[in-house]
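I opened my notebook to keep track of what I looked up, one entry at a time. Come along and check each entry against the picture.

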Amino acid sequence: MRFIRKTRYAQDIALFRHNGQRFWYALLGVLVVAAPLALDDFYLGEMAQVYIYAIAGIGLMILVGYTGLVSLGHAAFLAIGAYAQAWLLTRGWPFPLALGGAALLTAATGAAVALPVMRMTGIYLAVATLAFAVIVEQVIVHWASVTGGFSGMLVPGADFAGMDLASPRAFYWLCLGVLAAALLLAANLLRSPSGRALVAVRDSEVSAASMGIHLIRTKTLAFGLSAGFTGLGGALFAHKIGYLAPDAFTLQLSIMLLLMVVVGGLGSLHGVVFGAVFIGLLPQGLALLRDTVPPAVAQIPGLEPGVFGAILVLVLIYEPQGMYGRWCKIRAYFSEFPLYRRATYKRQKRYLRTERLQ
Amino acid sequence: MSLFQAEHIAVSFGGVKAVQDVSFTVHSGEVFSIVGPNGAGKTTIFNLISRIHDVDAGRLLFDGDDITRLPRHGVAERGIARTFQNTELFDGETVLNNLLIGCHVHRRTGLLAELAFLPSVRRQELGFRRTAEEVIDLLKLQHYRDHLIAGLPYGVRKLVEVARALCMRPRLLLLDEPSSGLNPEETEDLGFWLDDINAELGITVIMVEHDMGLVSRASHRVMALADGALLTIGTPAEVQRHPDVLRAYLGD
């Protein structure tokens, strides 16, 4: 078991807690940066897809995991980011500017959506965001002069300063770099007052307001940031799929993004990455598995969504903290062996909240 | 010198007149207690001050300014902190983070600076941490610093709520039944902390409290309410002897 002697307050706001953590993150960094040297193009493409899911998932995690607002419409933000990226590139914007522009435009849309849905929470908010996603889908279909309508839109090739960013290796490194930057921004947000304000709004609005937190501004900020990160993921997603059509951004994609943050573990950035790996690699894992089981089982229709759903239900029943929560328990088990107590992570009872106020 | 004034405030919910025509003045540096039977309107007055409810009539003045129509977060920005009767902490966070959220009113950095975690943000974080640690030392919460709120006993939660309010470095502190749910020993400690908060930090306190022992020991003046109406204001001894107060508690 590791004991950290703290002598300065700065140690508590550092991104990494101790040298052991620095070592493992550095090792992971080296491995993922060097991965293109060992893996073939197919696996690089799959990993780039995982990074894109993770970038979009950071956005959804800020909203769902940290601010406690559920969205069933995040595929719409992914779509806005993707179409904005393609449109800005056709206007001749250089690649990095287009990427930033797509993210900012999506963030502005998110903040604008926040205003009408501000007073909703829970299931009502989920339905409102779902309606928003439908509206965006219809706009994409009908605004043919910009989006190409049903027939879709070709995404211009990604290149910058003479470098071709569309080759599998370059695109892999691009997605990795954007993910690392997005994770850093999100980690910075969460260790500063704005991030704590999000958590405060999640846990008790009445109390947050009496601490001087502006509820409307904070929720608008949460929506804007969430949409911005998801739009950034969408911009990269556009290059990944190469051709944009309205049916690429369905309700199923929104639900998949939501599953990602729930299965990964709500309320942690680790959870986003774990969830993205899970969501991105599960179909491939199932495809590999399909070759080994008897054909009668492998050919059952709807096997993939079935397994997907079963895993989700099992996670929600047995590990509501998600994959990251399970990882923390495993780590605690080994670091405290043989003194680990199961009760450490038992869910505590909540005391009655004041009812006079609501 | 008067720090806070309520002038003829009234509010009703449907047909229930929760507070009717109540006026009082709180002087700078005093501990002012509000007592009364259940349903007298004590917590409602707190909710009017912190703008959870709108007053139907009357005015609230803080330091000479009219705060009757401020937005909720504006009340905190003026320097009025409060606690809640059944605790309203941020359950998913540690004690330390709850206290840091208490420092939020002193935030001077913008979103972009925070996303980049500029040196100004780092300095501000260290400053917040120092404030939080001072409060932790004052209320002896060192042991619980990194505990999640969800796992803490009720008495500690009440204290963390007071600590979080103190992190705002308020000029006026509203304590809503600070001793409810505490055992006699904890209540006695609370009396000492109240003295510290009032005398050492110089914070004016308005307290809703049922424990008459604590009220007479800690407060300078007491206001008694019954059924939303003001009965009397005076020293603890005067209020306890006042015939209207005795009638409100004991009946005719």
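**Entry 1: a strand pair.** I looked up B:Ser12 and found that its bridge partner in E2(B) is B:Lys17. This is a predicted model, so I kept that in mind throughout. Strand E1 of chain B (residues 2-13) and E2(B) run antiparallel, and eight bridges join them.

**Entry 2: the whole sheet.** Next I asked which order the strands of the open sheet take in chain B. I read E2-E1-E4-E5, four strands with antiparallel pairing. Strand E2 (16-27) and strand E5 (65-66) of chain B are the edge strands, each pairing on one side only. I also noted that H1(B) lies across E1, E2 and strand E4 (57-62) of chain B, and runs at about 70° to E2(B).

**Entry 3: where the chains touch.** I found 33 residues of chain A and 39 residues of chain B in the contact. On the chain B side, helices H1 (42-49), H2 (72-78), H3 (95-102), H4 (111-116) and H5 (119-139) each supply at least two residues. I sorted that side of chain B into 16 nonpolar, 13 polar and ten charged residues.

**Entry 4: two helices of chain A.** I turned to helix H13 (residues 269-292) and helix H16 (residues 322-336) of chain A, whose axes come within 7 Å and cross at roughly 110°. Because of that angle, H13(A) counts as roughly perpendicular to H16(A). The crossing is right-handed. From H13(A), I listed A:His270, A:Gly271, A:Phe274, A:Gly275 and A:Phe278 as making the contact, with A:Gly322, A:Met323 and A:Tyr324 from H16(A). By class, this contact has four nonpolar, four polar and no charged residues.

Terms used
Residues numbered from 1 in each chain as written. Chains lettered and ligands numbered in written order. Predicted model: local features only at pLDDT ≥ 70, side-chain atom pairs only at ≥ 80, totals over all residues. Contact = placed C-beta atoms within 7 Å. Nonpolar A, V, L, I, M, F, W, Y, C, P; charged D, E, K, R; others polar. Axes fitted to C-alpha atoms, helices over the stretch in contact; angles between N-to-C directions. Parallel < 35°, antiparallel > 145°, perpendicular 65-115°, else oblique. Left-handed = near helix turned anticlockwise from the far one by under 90°. Pairing = 2+ DSSP bridges.
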